[in-house]
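Hi everyone, thanks for coming. Let me put the structure up on the screen, and then we can walk through it together.

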Amino acid sequence: MAVDRRENLRAADVDRQFVAERLKAAVDEGRLSLGEYDDRLKETYAARTYGDLDVILSDLPGFRPVDASAVAPASGYAAGPTSPAPVGAKGQFGRQPHWLLGIWSGWLIAVTVNVVIWALVSISNNEAVYFWPMWVAGPLGAVLLATSVSTYLAGGPDAARELKRERRRQRRER
């Protein structure tokens with residue numbers, strides 16, 4: 001039985017999406033013009049094999065096909081296109097979680113507004129009034145903390161979306 005070479009194996013939607021994201025990063029870095037990006041994006045979504053996808057990324061820095069890599073893929077898995085992680089990414093648990101910044105900044109703004117209102121009321125009464133902002137900060141912060149930790153440990157909100165997409169794909173294939 002002949003062993004299939006990687007470049008002849010069929011690419012999946014997730015592989016095409018990976019290449020599309022790498023092309024977007026190349027545009028953001030100024031490595032591709034918008035015209036080149038558009039052409040390559042069309043080629044990406046028309047690609048059928050890993051070899052087709054490799055050609056699209058071959059002239060971008062940091063790209064190295066698995067066949068030319070010093071790191072061998074785990075046996076039993078078809079290797080997808082490889083590229084360095086996006087700027088700021090360090091792996092599943094070490095990447096910069098921008099979504100955490102977004103949800104916690106909302107909490108911080110709400111708590112800050114409530115504390116400022118409490119301070120103004122205390123100043124106008126010439127005495128410290130009951131510190132009611134703790135009822136905004138405490139319970140909301142506890143729920144947000146539990147949600148943040150569980151989502152972060154699960155791989156972030158993108159992992160949940162990918163899992164849903166994969167389940168839908170599997171249902172369609174049945």
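This is a predicted model: local features need pLDDT of at least 70, side-chain atom pairs count only at pLDDT 80 or more; totals for chains, interfaces and linings use all residues.

Residues are numbered from 1 along each chain as its sequence is written, and side-chain values use heavy atoms, with hydrogens and water left out.

Let's look at helix α4 (residues 98-125) and helix α5 (residues 134-153), which pack at about 175 degrees with axes 11 Å apart. That makes α4 and α5 roughly antiparallel, a label for angles over 145 degrees. Among the residues that meet are Trp-99, Trp-104 and Trp-107 in α4, and Leu-140, Gly-141 and Tyr-152 in α5; contact here means heavy atoms within 4.5 Å. By class, this contact has 12 nonpolar, four polar and no charged residues.

Now, how many salt bridges does the structure hold? There are seven, each a side-chain nitrogen of Lys or Arg within 4 Å of a carboxyl oxygen of Asp or Glu.

One of them joins Arg-16 to Asp-13 at 3.1 Å, N to O. These two sit three residues apart in helix α1 (residues 13-28), so about one helical turn separates Arg-16 and Asp-13. Arg-16 is buried at 12% relative accessible area, while Asp-13 is partly exposed at 48% (buried is under 20%, exposed over 50%, partly exposed in between, with a 1.4 Å probe and protein chains only).

Finally, Arg-31 and Glu-29 pair at 2.7 Å, N to O, and Arg-22 joins Glu-29 and Arg-31 in a salt-bridge network.

How values were computed: Axes are lines fitted to C-alpha atoms, for helices over the stretch in contact, and angles run from 0 to 180 degrees between N-to-C directions. Helices (H or I, at least four residues) and strands (E, at least two) are DSSP runs, numbered from the N terminus. Angles under 35 degrees count as roughly parallel, over 145 as roughly antiparallel, 65 to 115 as roughly perpendicular and the rest as oblique. Ala, Val, Leu, Ile, Met, Phe, Trp, Tyr, Cys and Pro count as nonpolar, Asp, Glu, Lys and Arg as charged, and the others, Gly among them, as polar.
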